[in-house]
Amino acid sequence: MDTPRPQEGRSDTMTPEYADPDRITPDSRRRRPESHKAVLRATKDLLGEVGYQRLAFEGIARRAGVSKATIYRWWPNKAALVIEALSGEVPLPPIHETGDLEADLRTAVRLTIDLVSAMPTCLILPALLADVIEDPTGTGAFAELIEPRRASVVKLLERARLAGRLPPDTDTSLMVDIYSGTVVYLAAVNRIAPDAAVVDQLVSLLLHGRLPVYQGLAPADREG
């Protein structure tokens with residue numbers, strides 16, 4: 001529905017986002033707290049009702065009571081909006097370090113599995129990643145979503161490296177990327193949550209260089 005414009009001789013009391021949805025001004029780029037919260041709430045509600053692929057800015061704008069142009073000014077694409085809307089829903093419990101590097105890394109891997117397997121993240125992850133790849137403007141938002149957990153594990157591994165429990169030239173950031181990439185791939189492509197055996201094998205690979213082996217099959221069965 002078109003928003004009526006103020007008549008001549010009458011002061012314009014409408015907010016910039018409603019007064020002229022197609023005109024970009026410094027004021028219209030600033031996020032009004034009430035509208036911002038309304039858009040995020042509408043996004044989460046509609047995500048549960050229609051899913052990620054059918055989610056559209058038009059529907060979000062109607063539900064939130066703002067113009068579609070306002071949403072486009074505040075978020076570069078749907079992926080960035082959904083990531084921000086879900087940021088408060090992502091479980092990020094702290095890692096309580098025990099001093100046992102293997103046990104602590106195993107905990108970190110399990111928490112990453114919990115993160116990507118949580119509802120509704122697990123349901124939208126494949127489509128969300130596809131959008132982020134297609135339109136890189138959403139990459140920063142996705143990185144911000146996972147960075148707190150990633151940074152905490154990198155710090156854990158860095159402390160272990162400085163204490164001599166890892167070789168001095170260890171690339172601790174890459175260690176985190178290796179297991180995180182595996183977990184995301186399994187969740188997004190294979191649609192499975194890695195089990196305890198996968199966690200153990202990832203930790204053994206990273207800390208001891210042990211190659212993963214098949215679980216539950218004898219060598220003869222695998223060769224056959």
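At the start of helix α7, a side-chain oxygen of Asp 100 comes to within 3.2 Å of the backbone nitrogen of Glu 102, a polar contact (N or O atoms within 3.5 Å, one able to donate a hydrogen and the other to accept it, with residues adjacent in sequence counted only if both atoms are side-chain atoms). The model is predicted, and local features need pLDDT of at least 70, side-chain atom pairs count only at pLDDT 80 or more, while totals for chains, interfaces and linings use all residues. Residues are numbered from 1 along each chain as its sequence is written, and side-chain values use heavy atoms, leaving out hydrogens and water.

Let's follow α7 along its length. Helices here are DSSP runs (H or I, at least four residues), numbered from the N terminus. Among the buried residues of α7 are Leu 105, Ala 108, Val 109, Thr 112, Ile 113 and Val 116, where buried means under 20% relative accessible area and exposed over 50%, with partly exposed in between (1.4 Å probe, protein chains only). An α-helix has 3.6 residues a turn, so residues three or four places apart point the same way.

Now turn to the partner helix. Helix α10 covers residues 172-188, and at its start a side-chain oxygen of Asp 171 reaches to within 3.3 Å of the backbone nitrogen of Ser 173. The two helices, α7 and α10, pack at about 35 degrees with their axes 10 Å apart; axes are lines fitted to C-alpha atoms over the stretch in contact, and angles run from 0 to 180 degrees between N-to-C directions. In this packing, Leu 105, Ala 108, Val 109, Thr 112, Ile 113 and Val 116 of α7 meet Met 175, Tyr 179, Ser 180, Val 183, Val 184 and Ala 187 of α10, contact being heavy atoms within 4.5 Å.

Thr 43, in helix α3 (residues 33-50), counts as buried because its relative accessibility is 1%. A polar atom of the Thr 43 side chain lies 2.7 Å from the backbone oxygen of Val 39. Setting aside neighbours within four places in sequence, Thr 43 is in contact with Leu 55, Ile 60, Leu 81, Val 82 and Ala 85.

Leu 211 sits in the loop between α11 and α12 and counts as exposed, at 67% relative accessibility. Beyond its neighbours within four places in sequence, Leu 211 is in contact with Gln 201 and Leu 205.

Notes
Expected span 1.5 Å × (residues − 1).
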